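Here is a short briefing for a first look at this structure. Start with the view below, then read the points by topic.

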Amino acid sequence: MNPRDRLIVALDVARQEEALALVDQLSGEISYFKVGLQLFTAAGPQIVRAIIERGANVFLDLKLHDIPNTVAKAVAAAGSLGAKMMTIHLSGGREMVAAAVGSKAPGVTLLGVTVLTSSTDETLRECGVAATAVDQVLRLARLGADAGIDGFVTSPHEVDSVRAECGEELTLVVPGVRPIWAGADDQKRFMTPREAVERGADYLVVGRPITAQDDPLQAVNRIVDELVEAPPVA
Ligand code: C5P
C-alpha cells in the first residue's frame, strides 16, 4: 500500500469551516478523513457530503451500539451518505454485528471497536464483565470476525494479538500513534507510525500531530517520509 494511503486524518474540530479548511489543504496528499461524534453532531451529514465532493473518502467513526435493527438502518444510511469506512461496537453482540454486516453498502469497510482504550479491567468489572481488558479485546475480535466484520480499530499494542486471533485478511485501523517529533498530547501508550505499520497496521489515524501544526501539510509529508524510510539494518 502507498504510505500516503495509510494515513487517515482525524478531523476532531468543532466547526465545518475548520474541517473543510483542513480537507482543502490535505486532500491532494492523503485520501481519508475521519469524522467523529463531535464534528458529526455539530455539522451533520452535510460535512460527509462536503468532504466527498472534494474528492476524499470519509471514515465515519460513530461507534454505533443499539438494537440490531437500528444499527443496521444507521449503517445503511451512512453507506447511502457515501462513507467508505465506519465503526460499530462489538459489545453489541453477535446479532447486532451480523445485522450491521448484512446492511452495509458494497465497498464499505465495517470496523469493530472491541474495548475502548480508556477502559481498564476495573471499568469492565464495574459493568459486570469479569474478563481482563486484554482477554475481552480478543473475545470481541473473534466474535466480530465470526460475524463477518471487515476489520477492527485497535490500539498499536493490540495489533499483533488481534492479527494472530483473526487473520491477515482483516483491516486493522490504528489510532494512538505519535511521530517522535510530535508531542504526546493525552495519548499515554503510543507508538510511532512506523512501528505501528511494522507490527501490521493497515491504516493509521492521526489527529493533532497533523491538525494542530502550523503547517499540517508538512506534518503529513514528514510522517509519510518516515513510513517509506528503509528499515534499520539488524
Ligand atoms: O489527536 P489524536 O492523534 O490523538 O487523535 C486520535 C483519534 O483517534 C481521535 O479521533 C480519537 O478519538 C481516536 N482514538 C484514539 N484512541 C482510541 C480510539 C480512538 O485516540 N483508542
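Which residues have the most contacts inside the largest nonpolar core? They are Ile-51, Ile-88 and Leu-204, in a core of 64 residues. This is a predicted model, where local features need pLDDT of at least 70, side-chain atom pairs count only at pLDDT 80 or more, and totals for chains, interfaces and linings use all residues. Residues are numbered from 1 along each chain as its sequence is written, and side-chain values use heavy atoms, with hydrogens and water left out.

**Cores**
- A nonpolar core is a set of buried Ala, Val, Leu, Ile, Met, Phe, Trp, Tyr and Cys residues joined through side-chain atoms within 4.5 Å.
- Buried means under 20% relative accessible area, and exposed over 50% (1.4 Å probe, protein chains only).
- Leaving aside neighbours within four places in sequence, Ile-88 is in contact (heavy atoms within 4.5 Å) with residues including Val-71, Met-96, Leu-111 and Ile-149.

**Helix α6**
- Helices (H or I, at least four residues) and strands (E, at least two) are DSSP runs, numbered from the N terminus.
- Helix α6 spans residues 94-103, with Met-96, Val-97, Ala-100 and Val-101 buried.
- Seen down the axis, these fall within an arc of 135 degrees, so they line one face of α6. The arc is that of the directions from the helix axis to the C-beta atoms.
- The face turned away carries the exposed residues Glu-95 and Gly-102.
- The buried residues of α6 pack against β3, α5, β4, β5 and α8.

**Helix α9 and strand β7**
- In α9 (residues 159-166), the buried residues are Val-159, Val-162, Arg-163 and Cys-166.
- They cover an arc of only 100 degrees, which puts them on the same side of α9.
- Their cover includes α8, β6, β7 and α10.
- Just after α9, Gly-167 takes a positive phi of about 95 degrees.
- Thr-171 lies in strand β7 (residues 171-174). Thr-171 counts as buried because its relative accessibility is 18%.

**Largest pocket**
- The largest pocket has a volume of about 1,300 Å³.
- Of its 41 lining residues, the closest to the centre are Thr-117, Ser-118, Pro-175, Gly-176 and Gln-187.
- α8 gives the most to this lining, with four residues.
- A pocket is an open set of points on a 1 Å grid over the protein atoms alone, where a 1.4 Å probe fits, with protein on both sides within 12 Å along at least five of seven lines; lining residues have an atom within 4 Å of a point. Grid points are joined across faces, edges and corners, and a volume is the space filled by probe spheres set on the points.
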